[in-house]
Amino acid sequence: MAETRDVFSIIDGEPHRTDAPSVDIHNPGDSDDLVARAQHADADAFVAAARSAKAAQLEWRRVPAPVRGVAVHELGLILDRNKEALSQLVTREIGKPIAESRGEVQEAIDTCIFFASEGRRLYGQTVPSEMPDKQLFTFRVPVGTMAVITAGNFPVAVPSWYVVPALLAGNAVVWKPAEYTPAIADAFTRLIHAAGFPPSVFQMVLTDGPQTTVGLERAMAEDLLGKVGFTGSSEVGRSIGELCGRNLVTPTLELGGKNPLVVMPDADLDLAVEGALFSGFGTAGQRCTSLGVAIVHESIHDDFLARFDAAARGAAVGDPTEPVLYGPMISQKFADTFERWLEKLEPHHALHGSTGQGRITADNPREGFVGDPGKGLYYHPTIVSGVTMDDVLYQQETFGPIVPVTRFSSFDEAMELANGHGYGLSSSIYTTDPRSVFRFRENITAGMISVNNSTSGAEAHLPFGGNGKSGNGARQSGIWMLEQVTRWQSMNWDYSGKLQKAQMDVATFEADRDFTL
Ligand code: UN1
């Protein structure tokens with residue numbers, strides 16, 4: 001059995017030990033394996049970390065941006081050298097299939113590759129002035145200290161989307177990882193410090209939700225934070241947004257999704273089924289980009305459903321160290337929430353995808369299960385047809401291996417179903433007709449669109465983010481993230497030797513406005 005780690009917050013590069021009892025984190029795919037004993041810190045520790053980060057940022061912002069980029073480059077190299085160990089830890093602590101864990105760590109490496117040279121490109125502009133002998137400029141300046149609060153389903157990739165560009169741009173970061181990923185947070189923090197970033201510019205504070213809220217509130221009241229980045233549920237995102245609003249701090253909010261996958265009558269059905277299977281059940285449906293509702297044209301609905309049902313029945317489910325479609329739920333909390341969704345099934349729904357529902361056990365087995373189901377939080381894949389817009393299954397994010405399916409007859413109806421839940425993160429359309437593609441793009445409210453590809457699987461350098469209940473319009477990844485981690489500063493320089501007044505001392509033309517040919 002692999003070792004159990006004792007993990008603590010890491011403040012100013014040192015483990016922050018307290019009297020609090022530690023929280024045990026078990027491998028969700030193997031309950032005999034105790035991954036970590038995590039000691040939580042409180043709001044005081046959060047504020048202390050933010051205070052120290054704020055002081056350290058004053059030095060860090062003076063390091064030239066290309067040199068900060070070198071530290072990002074080092075982080076990319078260190079992550080690459082430790083890719084396998086970190087991927088194994090991701091699989092062990094949250095049960096993500098090992099191939100996906102490797103993909104997740106690669107996403108963090110890709111983020112470093114992108115931002116390493118962005119330090120040499122933190123461009124500002126020279127802007128013409130309306131007066132002679134005067135020049136205007138813009139500069140990107142860091143926001144200061146950024147609090148980053150992330151979910152447990154992407155415990156390396158998603159934090160890296162915030163942390164890497166934030167540090168590159170000269171900010172300090174206080175990171176509050178998910179409670180159920182302390183060992184990964186500890187490992188990622190040590191890798192970041194090993195890359196050479198000064199310890200105080202990257203603080204990691206293990207706290208629970210309520211202590212984080214108190215800590216955030218107090219840190220903002222003390223003017224310690226310039227930005228809050230949050231990835232998680234729409235409900236928590238709303239309250240963080242309110243807190244930020246009261247303190248005039250702008251948040252970056254990446255929230256839930258109910259990502260539609262529209263299958264047009266001319267679609268390649270096998271391809272659509274493959275996409276639905278991966279986005280519906282990959283990561284056990286626990287991605288914010290997971291398939292939220294499959295919207296299938298009535299002429300092919302039954303055919304699609306039959307193939308989707310067969311694909312789900314035949315899929316490998318189980319031990320995440322093996323090549324499976326999905327493994328266990330991330331933690332008990334996610335398993336409990338998923339079970340509550342199964343209680344929301346209604347008489348007009350029909351179930352497909354598996355011989356059983358709910359937890360996979362010896363008494364409720366799944367044919368072909370990989371490994372021993374009794375060891376972990378494993379659930380049957382559930383496909384629900386007959387879902388309507390009035391169903392809570394259609395209206396809310398489910399975050400588990402369940403895929404609602406609904407049917408449409410006209411394109412307008414498909415769009416109504418695709419947008420009607422009010423989320424707007426990712427979306428997908430399967431069609432061979434370019435007109436449908438562009439009509440879909442024009443009418444979908446989601447921030448991200450896939451064509452003949454699944455709703456999940458965004459690349460690390462394309463804008464990532466949503467609208468409506470999925471976020472506040474902020475975008476992460478690539479150059480777009482720079483708008484979140486910097487602010488524009490403008491400068492005007494008058495070298496005429498006299499006071500030139502904007503708007504008033506500007507030359508004009510003697511135009512003959514009555515002139516006609
Ligand atoms: C998330 O679930 O919060 O596009 C992020 C994807 C991944 C990232 C998901 N690259 O599915």
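1. Helix H7 passes helix H8 in a right-handed crossing. H7 covers residues 209–221 and H8 covers residues 234–246, and their axes lie 10 Å apart at an angle of about 15°. Angles under 35 degrees count as roughly parallel, and H7 and H8 are therefore roughly parallel to each other. Please keep in mind while reading that this is a predicted model.

2. A second pair of helices gives another case to look at. Helix H2 (residues 65–81) and helix H4 (residues 98–116) have axes that come within 8 Å and cross at roughly 155°. That angle makes H2 roughly antiparallel to H4, since the cut-off for this label is over 145 degrees. The crossing of H2 and H4 is left-handed.

3. Helix H5 runs over residues 157–168, which makes 12 residues. From its first C-alpha to its last, H5 reaches 16 Å, close to the 16 Å expected at 1.5 Å a residue. Is H5 mostly covered or mostly exposed? H5 is mostly covered, with 12 of its 12 residues buried. After H5 comes Gly170, which has a positive phi near 95°.

4. Strand E11 (residues 227–231) is also mostly covered, as 5 of its 5 residues are buried. Which residues of E11 point one way, and which the other way? Lys227, Gly229 and Thr231 point one way, while Val228 and Phe230 point the other way. Residues on both sides of E11 are buried, Lys227 included.

5. The partners of E11 can be listed next. Strand E8 (residues 145–149) is joined to E11 by 4 bridges, and the two run parallel. Within this pairing, Ala147 stands opposite Val228 of E11. Strand E12 (residues 250–254) also runs parallel to E11, and 5 bridges join them. Here Phe230 has Leu253 in E12 as its bridge partner.

6. A separate point concerns an open sheet of 3 strands, with the order E6-E7-E22 and antiparallel pairing.

7. Strand E7 spans residues 134–142, and E6 pairs with E7 in the antiparallel sense over 3 bridges. Thr126 has Phe137 in E7 as its bridge partner.

8. The last point is about cysteines. How many disulfides does the structure hold? The structure holds 0 disulfides. For Cys244, the closest cysteine sulfur is that of Cys288, and at 19 Å this is too far for a bond. A disulfide would need the two sulfur atoms within 2.5 Å. Cys244 counts as buried because its relative accessibility is 0%. Cys288 is buried too, with a relative accessible area of 16%, since the cut-off for buried is under 20%.

Note on methods
Residues are numbered from 1 along each chain as its sequence is written. This is a predicted model: local features need pLDDT of at least 70, side-chain atom pairs count only at pLDDT 80 or more; totals for chains, interfaces and linings use all residues. Side-chain values use heavy atoms; hydrogens and water are left out. Buried means under 20% relative accessible area, exposed over 50%, partly exposed in between (1.4 Å probe, protein chains only). Two strands pair if DSSP finds at least two bridges between them. The expected span of a helix is 1.5 Å times one less than its number of residues. Axes are lines fitted to C-alpha atoms, for helices over the stretch in contact, and angles run from 0 to 180 degrees between N-to-C directions. Angles under 35 degrees count as roughly parallel, over 145 as roughly antiparallel, 65 to 115 as roughly perpendicular and the rest as oblique. A crossing is left-handed if the near helix is turned anticlockwise from the far one by less than a right angle, and right-handed if clockwise.
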